[in-house]
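This report describes how parts of one predicted model pack together. Please look at the sequence and structure below before reading on.

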Amino acid sequence: MKEETIVQSMSTPHIAIVINGEDVAGNATQKTWKLCLDYRALAKIEAATKRDLKSIDGWKDVSSGVEFPQIVHCCLHRYNPDVTLDD
């Protein structure tokens with residue numbers, strides 16, 4: 001008798017962030033993006049920043065002006081792949 005393989009799936013945890021802004025006409029806009037720090041995001045972060053954030057030491061001295069926007073951008077990829085770093 002052949003064994004049955006069961007694959008389970010669950011939703012990946014995320015944090016929703018709301019971006020309030022305005023369009024070129026000055027009208028208020030609102031976007032909701034989801035941040036997900038999964039292993040794909042960690043791999044992208046490591047490639048972009050050369051930091052291993054799986055280690056607590058990797059978080060030390062993260063540059064808020066250069067590296068943090070890259071980290072956020074990498075965490076957006078799972079649910080918002082079209083968002084650019086400039087967005």
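Apart from neighbours within four places in sequence, L53 is in contact (heavy atoms within 4.5 Å) with L42, I45, G58, W59 and I71. The model is predicted: local features need pLDDT of at least 70, side-chain atom pairs count only at pLDDT 80 or more, and totals for chains, interfaces and linings use all residues. Residues are numbered from 1 along each chain as its sequence is written, and side-chain values use heavy atoms, leaving out hydrogens and water.

L53 is one of 11 residues in the largest nonpolar core, together with W33, L35, A41, L42, I45, I71, C74, C75, L76 and V83. Such a core is a set of buried Ala, Val, Leu, Ile, Met, Phe, Trp, Tyr and Cys residues joined through side-chain atoms within 4.5 Å; buried means under 20% relative accessible area with a 1.4 Å probe, protein chains only.

The most comes from α2, with 4 residues. In α2, E67, I71, C74, C75 and L76 are buried, and the buried residues of this helix pack against β2 and α1.

The axes of α1 and α2 come within 8 Å and cross at roughly 150°. These two helices are therefore roughly antiparallel (over 145 degrees) to each other. Their contact is made by A41, K44, I45, A48 and T49 of α1 and E67, Q70, I71, C74 and C75 of α2.

Terms used: Buried < 20%, exposed > 50% of the residue type's maximum accessible area, 1.4 Å probe, protein only. Axes fitted to C-alpha atoms, helices over the stretch in contact; angles between N-to-C directions. Parallel < 35°, antiparallel > 145°, perpendicular 65-115°, else oblique.
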